[in-house]
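Visitor: Hi, could you walk me through this one? I'd like to ask as we go.

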Number of protein chains: 2
Amino acid sequence: MSLVVVGSVAFDAIETPFGKTDKIVGGAASFISLTGSYFTPKTKLVAVVGGDFPRNFIELLHTRGVNTEGLQIKENEKSFFWSGRYHNDMNSRDTLVTELNVLGTFDPLLPETYQDCEYLMLGNLAPSVQLTVIERLRKRPKLIVMDTMNFWMEVALDDLKAVMKKVDVISVNDSEARQLTGEYALKTAAKKILDMGPKFVIIKKGEHGALLFSKTQIFFAPALPLEIVFDPTGAGDTFAGGFIGHLAKTGDISFTNMKRAIVYGSAMASFCVEKFGTEALENLTQEKIQTRITEFAELVNAEM
Amino acid sequence: MSLVVVGSVAFDAIETPFGKTDKIVGGAASFISLTGSYFTPKTKLVAVVGGDFPRNFIELLHTRGVNTEGLQIKENEKSFFWSGRYHNDMNSRDTLVTELNVLGTFDPLLPETYQDCEYLMLGNLAPSVQLTVIERLRKRPKLIVMDTMNFWMEVALDDLKAVMKKVDVISVNDSEARQLTGEYALKTAAKKILDMGPKFVIIKKGEHGALLFSKTQIFFAPALPLEIVFDPTGAGDTFAGGFIGHLAKTGDISFTNMKRAIVYGSAMASFCVEKFGTEALENLTQEKIQTRITEFAELVNAEM
């Protein structure tokens, strides 16, 4: 089934306790579309970059079968740039630099070939841009998943609430769920978020796993305990890519299948953090993915 | 099978964002022995209290079938007292008061009827006291589980290492595992702890669940997402009580059964945090426990 991915394609510069990068390719939609490509051959990207963006990354997306007709290249402008430094615990980070550049005026144009979109993944972006994408699709997709972050809760809460009313699934991290609802207990926070529109909410807890809530059901998947967590950047996006990728591949949006999708998302994220940037996602195999899925199943199998 | 529990029986005064207690009954062995009593009728307590300790709690233990022959009452002294205040996130706390009192000179005397001990739970105490208990048992128990804390890593590391060489299972929390090994990744930290003696290590992550490691296997159980986390005091002890309680009840110390024991421990801890002190553990039923076990099984069942 066709999967349309909207989000940033950008440069990151990252410092972790294990090392430091110059500008490397990052951005939510880079991670999501690469990840999605392991699930469906019909992954379509909507994004904007500047003339400074490396053509070889776009070629990599083509090699992976990603349709980039919706990727605008503004030759005389610069790509979005983010720089951050992770703390020793790797769960928190400081933003050092944010240069919006082309993202400041991003008008998400949808090629006609994208109008068959059945699965729409709105990566973290200004809620107004996310809303524009929904409005520009003539037929409502079978499933709309949105990701967002604390920044938009602070500067564009009304817009964010408007998007939330139009999506099926929202993904936030634990501190964002608490910020959005004022509730400490995640179960209570999830209920309040569900009252704001989405039918499902995913609460990501980084190295502590992820929770999926519907009004009546809860599912939890841990993160795989890894010996090396090299760079958490993009892990949440990769998780989202695996989640919606599995749903788009199978065409089944039942809660039962969403639970499996959470496990696929967790497995893909576990690869992501083992290397800097998108590197770990560039050369995966179905066999490697399945091996990790098996590890996940064994990790929580209590054989009760 | 007989379960001997060693640890503090004491007073706590607790402040949480939800309320505040005067002196109430706490202490590792209070939580562990109460919890153990739901699994085996042969739970035996080794501890010391002062003349100020309420007789009705001791009667409660008798009602639950706990043998208190090994509970010394020093009429002219005062019981151990700890007071702490939880931060808003309920995962961290400040110690306000620690009065060792009778615990400062605790000599763990074992009644002759305790010599049949098959399962030994060494709750958090000075490692030298834990070691004395092991040495005073003429026949080595089938399984020895120890809990400890960061304090002993700072003031009695050599003693702690000596006990670790003599136990089968050690339980620590995530920050303690990191402190003990200097490793951030819990998988790596667990390996180093296993090299120090124990055959199994449990790493508790509070609201984020618990991991069980052997040299070759890993198992993870989440904490149940609760709407109310009222008071986390004793949750780790209650977890330990459920863990060793299930093993003592079934008499099976395979890794497979330890996984189930982790789930029982998590279920018991999920009751503990819903009320102040030991209150939630005083009137459970097997039916309530089984219902919660079912919730745990459903929570992580990905139906892959």
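**A strand in the open**

Guide: Let's start with strand β8 (residues 93–99) of chain B: the number of buried residues among its seven is zero, so the strand lies largely in the open. Strands here are DSSP runs of E, at least two residues long, numbered from the N terminus. Buried means that 20 or more other C-beta atoms lie within 10 Å of the residue's own, exposed means 12 or fewer, and partly exposed is in between, with C-beta atoms placed from the backbone.

Visitor: Before I go on, what kind of model is this, and how do the labels work?

Guide: This is a predicted model, where local features need pLDDT of at least 70, side-chain atom pairs count only at pLDDT 80 or more, and totals for chains, interfaces and linings use all residues. Residues are numbered from 1 along each chain as its sequence is written, and chains are lettered from A and ligands numbered from 1 in the order in which they are written.

Visitor: What pLDDT does chain A average?

Guide: Chain A averages 96, and 100% of the residues score at least 70; pLDDT is the predictor's confidence in each residue, from 0 to 100. For the complex, the predictor gives an ipTM of 0.88 and a pTM of 0.93.

Visitor: Back to β8(B), which strand does it pair with?

Guide: β8(B) pairs with strand β7 (residues 81–86) of chain B, in the antiparallel sense over six bridges. Pairing requires at least two DSSP bridges between the strands. One bridge joins B:G84 to its partner B:T95 in β8(B). The two strands form a hairpin with six residues between them, and B:M90 in the turn has a positive phi of about 65 degrees.

Visitor: And the core, which residues have the most contacts inside it?

Guide: Those are A:M121, A:V145, B:M121 and B:V145, in the largest nonpolar core, which has 191 residues. Such a core is a set of buried Ala, Val, Leu, Ile, Met, Phe, Trp, Tyr and Cys residues joined through C-beta atoms within 7 Å.

Visitor: What is B:M121 in contact with?

Guide: Leaving aside neighbours within four places in sequence, the contacts of B:M121 include B:L3, B:I32, B:V145 and B:I244. Contact means C-beta atoms, placed from the backbone, within 7 Å.

Visitor: Is A:L120 buried or exposed?

Guide: A:L120 is buried, with 28 other C-beta atoms within 10 Å. This residue is found in strand β9 (residues 119–122) of chain A.

Definitions and conventions:
Contact = placed C-beta atoms within 7 Å. Helix = DSSP H or I, 4+ residues; strand = E, 2+ residues; numbered from the N terminus.
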